[in-house]
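Student: Hi! I have a new structure open and I'd like to talk it through with you. Can we start with the pockets?

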Amino acid sequence: MVISTSLQTLLSGEDVAGSKLSGRLTMELLKEGLLQVIRHGSKKSYRARDVAALKRYLIDKDERYRIMDVNASDTRASMASETGNSKLVMVRSCPGFPVNSYEPIDCRLSDKPFVVFPPKGSFVFITDWERFSIPEDVTVIGIENMENFRKIRQQRTFLEHYLLKHELPLKALFVSRYPQSSDLRKWLCTIPNHYLHFGDFDLAGINIFLTAFYKYLGPSRSSFLIPDDIADRLKVGSAKRYDDQLKELSTDNKELQSLIELIRHERKGYDQEGYIEK
């Protein structure tokens, strides 16, 4: 799959003339709140509101946006040796996802014992994710924002209270989708553990959970973290975050639908970084 020049331009953070983009894709990205319209008199161009969010959406939509149709044995090293340019095609030189924990968790990696307990200020990247397994009495918590992922110890009291209230295992393994790929989701589909999604409290954050995880794991194996005080926090949230995002969003999950309606009522969003203890 060849990524068009116009799409590559968007992903680099630059403006693209409306005539250069596929009309169908443009309408889809506008509906998802991923594009910003820039008007120049009677003409208009587009710019990605959030390059990282656009990349995540495209990859979740079609994994080929990450992997070109190349021989599986090709690597950046071999391409560099043959052509002098390792970036001629897009090859996943670093598959997998990062994990973190604020207490030791006895896991297995490549059929060997492996304890996940990174020192404060670090985390572990799992590349051989297909042979990574964890105990069943562990809640997997997916964290969208990297600051929250790095500072899990400053959220331990809040998270343990939430897990206890919702009768989920207190022992927690934290995971992240960065770099953006479907590896994390595929791994989650192979394990029995419950997945708790901790993201931003806005429509875009909820949409990520619904499309990237809930769609595949369902209500029995996944849930969205909704704090007890979110109504109060939304009152002092960001109106711009609401105005910049998609408005047409709904779900059959009653608790999550209530959160969507609350966000619409307040017309604000709240970033998950607000739950990091100072």
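Tutor: Happy to! One term before we look: a pocket here is an open set of grid points with protein on both sides within 12 Å along at least five of seven lines, and its lining residues have an atom within 4 Å of a point. Keep in mind that this is a predicted model.

Student: Got it. Which helix gives the largest share of the lining of the largest pocket?

Tutor: That is α8, with seven residues of the lining. Helices α3 (51-61), α8 and α10 (239-243) each supply at least two lining residues.

Student: And what volume does the largest pocket have?

Tutor: About 830 Å³. Its lining counts 35 residues, and L34, A53, R56, A204 and I208 lie nearest the centre.

Student: How do β9 and β11 run, parallel or antiparallel?

Tutor: They run parallel, and four bridges join β9 (residues 139-143) to β11 (residues 195-198). I143 stands opposite F198 in β11.

Student: Which sheet are they in?

Tutor: An open sheet of six strands, in the order β7-β4-β10-β9-β11-β12, with mixed pairing. At the edges stand β7 (124-126) and β12 (222-224); each has a single partner strand, so one side of each is left without a neighbour in the sheet. On average, neighbouring strands here are turned by 30° against each other, direction ignored.

Student: What holds strands together in a sheet, in general?

Tutor: Strands of a sheet pair through backbone hydrogen bonds, either parallel or antiparallel.

Student: Then what about the three-strand sheet, what is its order?

Tutor: The order is β6-β5-β8, an open sheet with antiparallel pairing. Its edge strands are β6 (112-116) and β8 (132-133), and each has a single partner, so one side of each lacks a neighbour in the sheet. Two bridges join β5 (residues 105-109) to β8, and L109 has F132 as its bridge partner in β8.

Student: New topic: the nonpolar core. Which residues touch the most other members of the largest one?

Tutor: L173, W187 and L259, out of 54 residues in that core. Helix α8 (residues 203-217) gives the most to this core, with eight residues. There is also a second, separate core of 15 residues, including L7, L11, V16 and L34.

Student: What does L259 touch?

Tutor: Not counting residues up to four places away in sequence, L259 touches F201, I206, F224, I226, I230 and L234.

Student: And Q257, is that one buried or exposed?

Tutor: Q257 is buried, because its relative accessible area is 15% and buried means under 20%. Q257 lies in helix α11 (residues 254-266). Leaving aside neighbours within four places in sequence, Q257 is in contact with S250, T251 and R264.

Student: Last one: where is S12?

Tutor: S12 lies in the loop between α1 (5-11) and β1 (16-17). With a relative accessible area of 46%, S12 is partly exposed. S12 and A48 are 36 residues apart in sequence, while their C-alpha atoms are 8.9 Å apart in space.

Student: Thanks, that helps!

Notes: Residues numbered from 1 in each chain as written. Predicted model: local features only at pLDDT ≥ 70, side-chain atom pairs only at ≥ 80, totals over all residues. Heavy atoms only, no water. Pairing = 2+ DSSP bridges. Axes fitted to C-alpha atoms, helices over the stretch in contact; angles between N-to-C directions. Buried < 20%, exposed > 50% of the residue type's maximum accessible area, 1.4 Å probe, protein only. Core = buried A, V, L, I, M, F, W, Y, C linked by side-chain atoms within 4.5 Å. Contact = heavy atoms within 4.5 Å. 1 Å grid on protein atoms, 1.4 Å probe; cavity = no way out; pocket = protein on both sides within 12 Å on 5 of 7 lines; lining within 4 Å. Points joined across faces, edges and corners; volume = space filled by probe spheres on them.
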